[in-house]
Each structure stands twice: as C-alpha cells, then as structure tokens.
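Take a look at it first, and then we'll walk through it together.

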Amino acid sequence: YASRLWRDARRADPDHPYLVAKQIRPHALRQHGDMLLVPLTFGGQLVNLQRIKADGSKRFLFGGMVTGCCALLGSITAGQPLYVCEGWATGVSVHTGTGAAVACAMNAGNLLEVGQRLQRQHPDAVLIVAGDDDRQTDGNPGRTAANHAAAVLGCDVVLPPWPDGAPLTLTDFNDLANYLRVAQ
C-alpha cells in the first residue's frame, strides 16, 4: 500500500501549509491530496509513509514498520557527519544548516534503533544524535532519549543552543532556525 501511494503521488507543493509553517523546502517529499508523504525506509526498501496533513497532524500507515526505519536526507559518506534526529522538519533544518546527511527517526523512541542500524551499515560515518529539547515536558523526553541513544552508540549528541530570551516553547532545531530567522 505504501509503495502504491508513493508511486501515485505527485511532487510535494512547496506552498503546502506545513512546509510554509516550518519554513522548509519539500526535498524529495511527495503529496497525495492535501497530505505530504514522508518515505520511511528499512534496508533501502520503502516500508511505511508518514502522512502530514495541512494542519500539521501526522500519522503512519497502519501496520507499517516504524522501529528502525528512517527518512534520509542527503548522502551518507565515510568520514563525514551523519545526524540522527526525530522529525522531518528538524532533519531538513539540520541538513540545511550543516549540509550533512540526516536520518529522521520520526520519534524519540526510535533514535537508538535507527542509530544502531546506521552504525552497522555505515561504520565509517561520524554518527551524531541531534536531539529535541522538550524543556516544558516532564522528564524532557527528547533530551533524555537523545542522551541515552548517544551514550549507547558511543557518539556525540547536539541539542539546540538556545539564545538568551528564546521562548521555552521552542523544542527542536527547526524551531531554533525559525526563531533565528525572525530575530535577525
């Protein structure tokens, strides 16, 4: 079903409300009706899609794989950084800011699984976990999961470097990029 949806979808409209709100380009996303389609792959195979509606709500296809799967931006190169992050908009912001390859794990609980798979497949890449910083959520699940994944993987972790006065509602690198755009 994911393959059929992906095949029949058109290139994503850069003026899709989600992309405009996040201030990101669509890259390789496709669109089915008003839904953006983010491809999740495992071992190079499309195994699921995250569907993003115009209002920003997100859903995976029922029954599709998520654990260990990711959406990739850029090309993984030996000796070069390979970031693992949570969501698509965060991944685009990290990729745009660094030029490096980024694997979007789609949620905090998947960072470790994706990182372990990527380490096995690309042992010469320089893995870095780019964590969310859920500062207003009890236990800060984004930061906690990112630090745990980095500790198990034996790699670096980066979190958004919030400038003085940045609102506590900001949580990820996309929020940071947009805040800095407005502040300039």
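We'll start with a sheet and its helices, then turn to the cysteines.

A quick word on ground rules: this is a predicted model, where local features need pLDDT of at least 70 and side-chain atom pairs count only at pLDDT 80 or more, while totals for chains, interfaces and linings use all residues. Residues are numbered from 1 along each chain as its sequence is written, and side-chain values use heavy atoms, with hydrogens and water left out.

Let's begin with the open sheet, where five strands line up as β6-β8-β7-β9-β10 with mixed pairing. Strands and helices here are DSSP runs numbered from the N terminus (E, at least two residues, for strands; H or I, at least four, for helices), and two strands pair if DSSP finds at least two bridges between them. At the edges sit β6 (71–73) and β10 (156–158), each pairing on one side only. β6 runs antiparallel to β8 (residues 101–104), joined by three bridges, and Ala-71 stands opposite Cys-104 there.

Now for the helices: α4 (residues 111–121) lies across β7 (81–85), β8 and β9 (126–130), while α5 (residues 141–153) lies across β9 and β10.

What about disulfides, meaning pairs of cysteine sulfur atoms within 2.5 Å? A search of the whole structure turns up zero. For Cys-85, the nearest cysteine sulfur is that of Cys-104, 4.0 Å away. Cys-85 is buried (under 20% relative accessible area, with a 1.4 Å probe and protein chains only), at 0%. Cys-155 also counts as buried, at 16%. Its sulfur is 13 Å from the closest cysteine sulfur, in Cys-85, so that's too far for a bond.

Methods
A disulfide is a pair of cysteine sulfur atoms within 2.5 Å. Buried means under 20% relative accessible area, exposed over 50%, partly exposed in between (1.4 Å probe, protein chains only). Contact means heavy atoms within 4.5 Å. Axes are lines fitted to C-alpha atoms, for helices over the stretch in contact, and angles run from 0 to 180 degrees between N-to-C directions.
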